[in-house]
Amino acid sequence: MKAFMDKDFLLSTPTARTLFHDFAAAMPIVDYHCHVSPREIFEDKHFENIAQVWLAGDHYKWRLMRSNGVEERFITGDAPEREKFQKFAEALPRAIGNPMYHWCHLELKTYFGYEGVLNGDTAEEVWQLASTRLKEADMGVRGLIAQSNVAFIGTTDDPVDSLEWHKKLADDPTMTATVAPSFRPDKALNIDKAGWREYVARLSEVSGIAIDGIDTLEEALGRRIEHFAANGCRASDHGLDFAVCNLQSRDTVDAIVKKGLRDESVTADEAAALKTALLLYCAKEYVRRGWVMQIHYNCLRNPNSAMFRTLGPDTGFDCIGPMGGAKALACLLDAMNEVNALPRTILYSLDGGDNAFLDSLIGSFQGSEIAGKLQHGSAWWFNDTKQGMIDQLTSLANLSILGNFVGMLTDSRSFLSYTRHEYFRRILCELIGGWVENGEYPADIDTLGALVQDICYRNAKRYFNL
């Protein structure tokens, strides 16, 4: 029996162990998509206790606690932080097979030097250990980033954001990692969601463009794209509930915008037409600047109406939305390609059943500008489990070129979650090592080591023009 999470955790073969320890482990991290706060990075925020750094805003942990019958006041409510942590610690041992169990213990070992097992009985010693460690100078946000060997962080930012904290970080010579904004214009596209008209008014204000139709809406977004470009942006991100492609005339789309500005409801087809037009406009702008376009889709938002009314969006109640969209996504990429406006693009579906579809689709639109121009993004959200990563990597290897993959991201709000890159790297090395040990690929360690290092770091560095 192997020891729990020892140095060879998840590495069952000699080849896997060599690839991880000698090649993957020390590579810098390019965390090209996450939700951490640039302000907290600039101010080098320090946390008083592990509940603050672990439980605040972590939807994964909130869902785990809810699944264990924990009352909401211990999750998002006003219960004392020590009691919230206790409830989480009591729930964690039940989560066998859940990546949360591995992530938590990797974080405890990496950042706090804790070699034990977290449960209800050990919660107090972990609390005390973490509270003491968090007082140390290297345990602020910047220290955590430096300890984790992070080279690049791509945050997620709204077009109306001033980007003041990114500006300050760019001017700070003591900052060890590059922190860049990513353009996330979802609110401008979501004419079918509450608050669109008010958001457009805000966009009009910050851009200095009086928005009265599709031309001025695009002009306003273009101004903000310029603003982001001036502040080091290298990527956009689009969160779509489902893939859309409804190509309509300019006049039709203009009428839809005017309808929304009058605060009139729009049909699903009308909303899809505006989203399609704006995605095409943005894609052209991204190509001009060499940006990467990320598209996340197939998420069912807020299915629990009662909790949505109580807590609002983004509180851990979303789920996988297997809504198809294969034809629409292919149509959208084709429309971009037809006008020479298909950027470097990373596609993520929350439905793991889309793996083979995405891996075959990207092969239909690759280009000579860069190897792996179109990417099937890393196993996302509910799929970033051990098996989910294995499935995504295996499908990508089967149907495309695994060696060109841009690798892992955290998609997290936590500064401790960089250990997810270690988790991914162990799984990657185990998978490749298994193929080699089974005689499916030559035992050429130099070639294999370079390939692993490319996937862990160099491909992303090249892809995002770092």
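In which sense do strand S2 (residues 150-154) and S3 pair, and over how many bridges?

**Entry 1: basis.** I worked from a predicted model, in which local features need pLDDT of at least 70, side-chain atom pairs count only at pLDDT 80 or more, and totals for chains, interfaces and linings use all residues. Residues are numbered from 1 along each chain as its sequence is written, and side-chain values use heavy atoms, with hydrogens and water left out.

**Entry 2: the sheet with S2.** I found that S2 and S3 pair in the parallel sense over 3 bridges. I took two strands as paired if DSSP finds at least two bridges between them. Strands (E, at least two residues) and helices (H or I, at least four) are DSSP runs, numbered from the N terminus. Phe152 stands opposite Thr178 in S3. I then looked up the sheet, an open one of 3 strands in the order S1-S2-S3 with parallel pairing. Strand S1 (29-31) and strand S3 (178-180) are at the edges with a single partner strand each, so one side of each has no neighbour in the sheet. The twist averages 5 degrees from one strand to the next, with axes being lines fitted to C-alpha atoms and angles running from 0 to 180 degrees between N-to-C directions.

**Entry 3: strand S9.** Buried means under 20% relative accessible area (1.4 Å probe, protein chains only). Arg344, Ile346 and Tyr348 point one way from S9, while Thr345, Leu347 and Ser349 point the other way.

**Entry 4: partners of S9.** I noted that strand S6 (residues 292-297) runs parallel to S9 and is joined to it by 6 bridges. His296 is opposite Tyr348 in S9. With strand S10 (residues 374-376), S9 pairs in the parallel sense over 3 bridges. Leu374 in S10 is the bridge partner of Thr345. From S9 the chain crosses through helix H17 (residues 355-362) to S10 in a right-handed β-α-β crossover; with the strands pointing away from the viewer, such a path over the helix runs clockwise.

**Entry 5: cavity.** A cavity is a set of points on a 1 Å grid over the protein atoms alone where a 1.4 Å probe fits but cannot get out, and lining residues have an atom within 4 Å of a point. The lining of the largest cavity includes Trp380, Trp381, Asp384 and Asp411.

Definitions and conventions: 1 Å grid on protein atoms, 1.4 Å probe; cavity = no way out; pocket = protein on both sides within 12 Å on 5 of 7 lines; lining within 4 Å. Buried < 20%, exposed > 50% of the residue type's maximum accessible area, 1.4 Å probe, protein only.
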